[in-house]
Amino acid sequence: KNATHSPPSQPQPVPSKKSRSKHRPLCSWSILNHHLRRYNRSCHQDKLQQIRLTRPVSTTLDLASESPSLSPSSSPCAVSRRTMSDPEDLEQGDQVADAVRAALDSLTERRGAVRINALKSLCSALSNRYRQDVVEENSFTFMDRLTRCVQKGTDEEQALACQCMGLMVITAGCGVDPSFIQSSCKLLSVLIKDKNNSPLVRTSAIQAAAVMCFVAASEEADSRELVELVVNYVTDRSDSVASAAVEAVSLLTTVLSAEYVCDSLIHDHLQDRILKAVENPNNQVAADAAELLCLLAEIMCDQAGDDEFDFYVLEAYVGDISNAVERIHEVAGTAQKRQAKKDRGETRTTAKLILRAMDEGESPDEVLTIRRQPIHFCGWKQLAQLDFLRSYLAQGLDIHLQENELLSEIFDFELSEVRKLSKKEKKSMFSKSSQAAKDRSQKRGKERKSKQKTDRFREQDSD
């Protein structure tokens with residue numbers, strides 16, 4: 001009885017499956033797969049960092065605020081856009097070239113999201129920068145990778161690849177391989193004809209095919225074949241497809257012969273469709289179709305030898321246009337809420353421009369100021385080309401107008417170079433301790449004293 005008894009031992013809890021899996025030793029294959037996944041994840045992050053591009057350099061700098069400006073300034077000296085001869089710009093150019101090559105390498109990845117991000121980076125680089133040397137060095141890589149994306153990608157990937165094709169052709173100019181243009185136009189034609197494709201893909205394919213034929217078509221027959229195909233979609237159910245088709249027809253009409261436009265294109269293809277497009281309930285489609293009508297009227301007047309613009313000459317070719325004129329008045333006075341505010345303003349401005357040209361009998365013109373030098377775009381032909389390139393290049397239009405020789409040949413202009421001021425010259429002219437600042441302060445002091453004297457004399461005379 002006096003013996004000491006130890007308390008009964010409590011049963012040990014049975015470990016759960018999760019705790020057992022935590023402490024389970026890993027086999028060699030699982031360790032290897034774990035390290036491989038970590039390595040692939042790190043490589044993927046490095047590539048995404050290389051794809052990121054720097055912001056585009058502003059085209060013209062205002063001396064007072066150093067903000068982008070396209071209007072003439074009252075400053076006595078102009079500062080030119082940065083040229084690639086500067087060390088900073090050379091470094092930025094190398095970064096852009098490396099990012100383009102990294103994006104091209106990423107187009108071979110299996111993940112669709114990686115390819116889409118790479119295509120977005122390529123579109124941004126080609127539109128916001130002008131790097132013809134990079135495109136020419138990697139031209140075959142561009143052709144191969146973009147063709148694969150168009151053939152086997154998703155809707156978003158196909159649309160971005162089509163856009164990248166058009167931007168590549170604008171950057172490279174007429175130096176693109178003609179076989180690539182022919183094969184790409186055939187591939188894009190298949191996308192346009194297939195109504196099972198999304199409107200996003202068909203719209204991008206129409207725009208890309210129009211740009212490629214406009215820039216690098218070797219024969220007029222190629223442009224005729226494409227315009228006869230695209231004309232069928234100016235009355236498409238999708239507003240985006242119809243608008244893209246009308247803009248593409250306008251762009252291609254500017255490079256076709258007047259005889260073909262008047263004798264074949266209007267009678268055989270555009271006669272009924274163009275009036276239906278003007279009567280489209282969507283204001284954007286109606287405005288684009290009305291602008292195409294003005295372009296056709298200008299071509300007819302030029303062929304007849306008339307100096308004045310006559311919109312009603314179209315009645316001899318397309319019939320009664322009274323309903324089209326009423327629709328143009330309606331577009332000029334109304335706005336649709338489903339459009340963005342900026343697009344609504346542009347649509348109404350286009351319609352008012354058409355009505356003014358109909359009343360005054362003169363083709364309109366537009367002036368853009370680049371490097372503080374005016375560039376004039378006269379007539380409906382150049383305005384149609386400018387509007388298409390403005391919508392396609394977006395913010396990069398200014399850069400391409402400055403540096404792309406193709407656009408200077410299309411619009412027949414030449415910009416004179418503006419000498420860039422050195423740091424010493426800027427300091428001597430704009431520093432607070434410069435001689436110009438001292439003279440300015442002395443002049444203002446004298447004006448202030450003279451004004452005080454005149455005010456004092458006036459007070460004495462009044463007393």
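User: Why is Val201 called buried?

Analyst: Its relative accessible area is 0%. Buried means under 20%, exposed over 50%, partly exposed in between, with a 1.4 Å probe and protein chains only. Therefore Val201 counts as buried. This is a predicted model: local features need pLDDT of at least 70, side-chain atom pairs count only at pLDDT 80 or more, and totals for chains, interfaces and linings use all residues. Residues are numbered from 1 along each chain as its sequence is written, and side-chain values use heavy atoms, with hydrogens and water left out.

User: Which residues is Val201 in contact with, leaving aside neighbours within four places in sequence?

Analyst: Asp155, Gln158, Ala159 and Leu191. Contact means heavy atoms within 4.5 Å.

User: Why is Asp236 called buried?

Analyst: Asp236 has a relative accessible area of 15%. The cut-off is under 20%, so Asp236 is buried.

User: What does the side chain of Asp236 reach?

Analyst: The backbone nitrogen of Ser238, at 2.9 Å. A polar contact is a pair of N or O atoms within 3.5 Å; within protein, one must be able to donate a hydrogen and the other to accept it, and residues adjacent in sequence count only if both atoms are side-chain atoms.

User: What makes strand 1 and strand 2 a pair?

Analyst: Two strands pair if DSSP finds at least two bridges between them. Strand 1 (residues 365–370) and strand 2 have six, in the antiparallel sense. Strands are DSSP runs of E, at least two residues, numbered from the N terminus. Thr369 stands opposite Pro374 in strand 2.

Definitions and conventions: Helices (H or I, at least four residues) and strands (E, at least two) are DSSP runs, numbered from the N terminus.
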